[in-house]
Amino acid sequence: MAHHGEPYQKATKRWTKAAEKQPLAVVMVANAEDVSKTIIMAKSHSVPFTVKCGGHSPGGQSSVDNGIVIDLGLMKQVTVNPDNKTIIAGGGCLSGDIVKAAAEYGLASVVGSSSHVGIGGFLLHGGYGQLAGEYGLGVDNIVGTEVVTASGEIVWASEDSNSDLFWAIRGAGNRFGVVTKFVLKVHKISDTVWSGVLSYTGDKLEALVKAINTWYDKKDPKAAFIMVLSKGADGKPGVVILPFYNGTQEQGEASFADFLAIEPAVRDTSSMPYWKSCTLGDEPGTYTTDFIRFESANTKPHIDYKHFKHLLDLLEQLYKTVPTSDKSNIVFAAFQPDAVEKYKRTDMAFCWRDTNFDVGIGARWQDPNQAEEMRKWGAKLQQAVLENGNSERLYSNHADFEGPSSKEFGINYLKLCELKQKWDPEGVFKSIVN
């Protein structure tokens, strides 16, 4: 509680200070029973509560004013079963926790490029990662879950037990319960992968677009990359590529030969353990000093030079208009779609099974008085990206659960509304309707 001073301040700190709020109390739970008791207590006193795993929601979905935060941070136990290639992970694990545990057995899990993102939000609401081209999204690798429901009941949800709840949480997890334990598929991986950083000035954009489209046509599921449109070392908008290849350095360089031929301003690539490639998106320290707002977008392959040049021009305009916004960026996740598309849109609540590259827009600034101006800029960048995408498609983790839910869940929206009435009729957890 607040009168505890430093422990309270530490427990309320978040990735971005825009998400920090002042709860009545933070409950550091150790198991599902603690979560159950806290939910029942909060309900009986009509006190709002929320759940925190990694605390990466820029909008503060893991924070609450004048309520209770159920903090899963003590629940980081990881057990690896190398024989059946699964791991059991506590609901408070961060990506780095499960990646390093699996690595000891030569196994890998589908995670993103930042080690301190909580697995709960990442997995339950999609989960775009470097291995998605081979093994699907993070959500596709969930085998089973221990869930604390709105009534405080602790249940098991899998294909064989409470299958309707299992269907719902795989895409709409924070609307249906608190997942205190995950069973996940993991995959055999070589000792090293090829990855790193390639940085280009904006004048190389046209050549990069050609390289990206050529790379996509190779249809190699072992290859993936994250592309970031952001301010470069020359002070102008440029392009950063985080390439990834699940194979040798020779194979990786061959896959990305067209990128390397463009002569990046910065090239820092090498063979490395898979777990290290999952830290390339880490910032110095776990917390930023910025205010951040996310927007969700997507774009179709093949990409278009004029479209991307327009995006760089908009970023340059933003940097000039709001000088403290120079860490704002547009992030593209690129991988082959076959493993993602093998699931039908109705197989689970997460429905976006298409070839589009997912795009996250990170509007970042330092002056709190610029929040409204940056909100408008985020929306403007979102609409610009969607000129070559699907405007009816939202990724919950980038939309920050602000909806509209019909775009987050698409064809599965009405079924989720029905299941919400069964599993959370009192609306204890976040509403399906935004």
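1. Which strands does helix α3 (residues 95–103) lie across, and at what angle does the helix run to β4? In this predicted model, α3 lies across β4, β5 (86–90) and β9, and its direction is at about 35° to β4.

2. The sheet concerned is open and has 5 strands, in the order β4-β5-β9-β7-β8, with antiparallel pairing. Its edges are formed by β4 (78–81) and β8 (154–158), each of which pairs on one side only. On average, neighbouring strands are turned by 15° against each other, direction ignored.

3. Helix α2 (residues 32–44) also packs on this sheet, where it touches β7, β8 and β9 (178–185). The direction of α2 makes about 45° with that of β7.

4. Between strand β7 (residues 142–148) and β8, the antiparallel pairing extends over 5 bridges. Within this pairing, V148 stands opposite I154 in β8. In general, strands of a sheet pair through backbone hydrogen bonds, in either a parallel or an antiparallel sense.

5. A separate point concerns two helices. Helix α11 (residues 305–321) packs with helix α13 (residues 371–385) at an angle of about 170°, and their axes are 10 Å apart. Because angles over 145 degrees count as roughly antiparallel, α11 is roughly antiparallel to α13.

6. On the α11 side, the contact is made by H307, H310, L311, L314, L315, Q317, L318 and T321. Helix α13 contributes E373, M374, W377, K380, L381, A384 and V385. By class, the residues of this contact comprise 9 nonpolar, 4 polar and 2 charged.

Technical notes
Residues numbered from 1 in each chain as written. Predicted model: local features only at pLDDT ≥ 70, side-chain atom pairs only at ≥ 80, totals over all residues. Heavy atoms only, no water. Axes fitted to C-alpha atoms, helices over the stretch in contact; angles between N-to-C directions. Helix = DSSP H or I, 4+ residues; strand = E, 2+ residues; numbered from the N terminus. Parallel < 35°, antiparallel > 145°, perpendicular 65-115°, else oblique. Contact = heavy atoms within 4.5 Å. Nonpolar A, V, L, I, M, F, W, Y, C, P; charged D, E, K, R; others polar. Pairing = 2+ DSSP bridges.
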